[in-house]
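Take a look at the fold below.

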Amino acid sequence: MTTADTSTSAAAAHPIPVRMTGRQVAALVVLLASQFMMAADFSVLNVALPEVGTALGFSTGSLQWISTTFALCAAGCTLVFGRVGDYVGRRRIFTAGMAVLAVSSLVGGIAESPAMLLTARTLQGLATAAVTPAALALLTTAFTEPSLRTRALGLNSVMMSSGFSVGAILGGFLTDVFSWRWAFFINIPVAVAAILIVPLVVDESRAEKRSRIDLPGAVLITLGLFSAIYGVTRVGEDGFDLVAGASLVAAAVLLGVFWAVQSRTVDALVPVRVLKKPDIAFGNLAALFIFGGETALIFFTGLYVQDVLGLSSLAAGLVLLGIGVGQIIAGTVGPRILQRVPPRTLLGVSLFLQGAFMLPALWATSDTRWLIPLIATQFVNAFFSMTAALSFMVIATSSVDSDMQGMATGMATQSQQVGIAIGIPLISAVFAAVIGHGTVTAAEELSGIHTAIGVAGGCQVVVGLLLWAVLRRKTALPG
């Protein structure tokens, strides 16, 4: 064997790691920053709702619409904007969404009435629906090398998953130190910077094959998701009533008609052949439980620390940092794990363990000594929620060709947004069924928290096992 042959064999055995170019690093930074900001926007006002209500004259019962309005638009329109980006250009949709975010944040920051604030939150939700799938599609098309794509998706999952918890902490800090209005104003410089930088470091991408936009499908899926999220939110807030029931029935009918229309439309918004792919179907189902369960855990951890233990909102924020640290570490090492474990296997196992490490909270008491084991178990829970999220994202974006990346990332993002939007209302309905309405003691509230977390964690365990059983026989995705 010649020296050249030996060198070639050595190179094959130990391939040189592919490195990102400077332009790719810049693109990654600006796209991830936008994803983090969009995720944080979902929850940044949650801790400031009482102050907002007092300042603008919201009634107690109408405060929930500050969050619900955003969630309806963000989750209901994501798939449509993702598909539109395939046609008109993902970078164009991204920058347009950022422009809308900047304007809506200004409107929200100077709002003097409930109508003005809700208009701003509606526009913020639409901006999130446009920017999030576009940014993800730009990532998947900018990083075509499998290992780099997995690394980029891992970091993206960190930003999206940790953004919700960090948004709540950031909102509390801004409200205490400055004013709730800065929860809006802080978006403006980031949005402007993204608008200026993205055209310099990110190439435009769109589907090679142009076709007409499926308007009937877009209307049906949007209205169907609106009805579903509204119905679930109403159940969580007020219990099951005629309006909630009608909304859920309407959602089922609209989504059923959507499926029928997609099966008969040539240029379908989401081709039925894609919906029937096991990776797409089961991956997006998993996302509902991954993100819905984690946001519910964050919500009820805050209740436990403040209402049961009697500690401050700052203490609740410090406890939630354990979740953020777990997600960041998992996002860093997750791509390496995926090089050794097939994504389909890792998805089911991670979701199972995410739920399993939620369940120790069932033994939490009113003793503050429980904070240490709570932080430890939630750190592990967050680690596996991130590896599950990363596995889901790799599966969802690697199962379709480049022409449908906007659709695939739109579906993935929509599943994530819907999970975040319905997780808290659904589990809150369980919580309310246990404690009832009116004034309750700390012990009664703790009982409701135990039940709510038990249901959320139990669902994740069961779904994780089912996914593992269904997908474990499939071969690994490349990369």
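A residue counts as buried under 20% relative accessible area, as exposed over 50%, and as partly exposed in between. Val440 has a relative accessibility of 26%, so Val440 is partly exposed. This residue sits in the loop between helix 17 (405-435) and helix 18. Leaving out neighbours within four places in sequence, Val440 contacts Ile435 and Glu445.

Now the whole chain. The model is a predicted one. Its secondary structure consists of 18 helices and 0 strands. The protein has 479 residues, and 54% of them count as buried. Consider the contacts with a separation of 6 or more: 84% of these join residues 24 or more positions apart.

Asp241 is found between helix 10 (215-238) and helix 11 (242-262). Gly231 lies 10 residues from Asp241 in sequence. In space, the two are 9.5 Å apart, C-alpha to C-alpha.

Next, a residue within a helix. Ser104 belongs to helix 5 (residues 90-109). Its relative accessible area is 0%, and Ser104 is therefore buried. Which residues does Ser104 touch, not counting those up to four places away in sequence? They are Ala120, Leu123, Gln124 and Phe184. The Ser104 side chain also has a polar atom 3.0 Å from the backbone oxygen of Leu101.

Finally, the helix pair. Two packed helices are described by the angle between their axes and the distance between the axes. Helix 15 (residues 343-356) packs against helix 18 (residues 442-471) at an angle of about 160°. Their axes are 7 Å apart. Angles over 145 degrees count as roughly antiparallel. Helix 15 and helix 18 are therefore roughly antiparallel to each other. The crossing of helix 15 past helix 18 is left-handed.

What makes the contact between them? From helix 15 come Arg344, Thr345, Leu347, Gly348, Val349, Leu351, Phe352, Gln354, Gly355 and Ala356. Helix 18 supplies Gly457, Gln460, Val461, Val463, Gly464, Leu465, Leu467, Trp468 and Leu471. Sorted by class, this contact of helix 15 with helix 18 holds 11 nonpolar, 7 polar and 1 charged residues.

Definitions and conventions: Residues numbered from 1 in each chain as written. Predicted model: local features only at pLDDT ≥ 70, side-chain atom pairs only at ≥ 80, totals over all residues. Heavy atoms only, no water. Axes fitted to C-alpha atoms, helices over the stretch in contact; angles between N-to-C directions. Helix = DSSP H or I, 4+ residues; strand = E, 2+ residues; numbered from the N terminus. Parallel < 35°, antiparallel > 145°, perpendicular 65-115°, else oblique. Left-handed = near helix turned anticlockwise from the far one by under 90°. Contact = heavy atoms within 4.5 Å. Nonpolar A, V, L, I, M, F, W, Y, C, P; charged D, E, K, R; others polar. Buried < 20%, exposed > 50% of the residue type's maximum accessible area, 1.4 Å probe, protein only. Polar contact = N/O pair within 3.5 Å; in protein donor to acceptor, adjacent residues only side chain to side chain.
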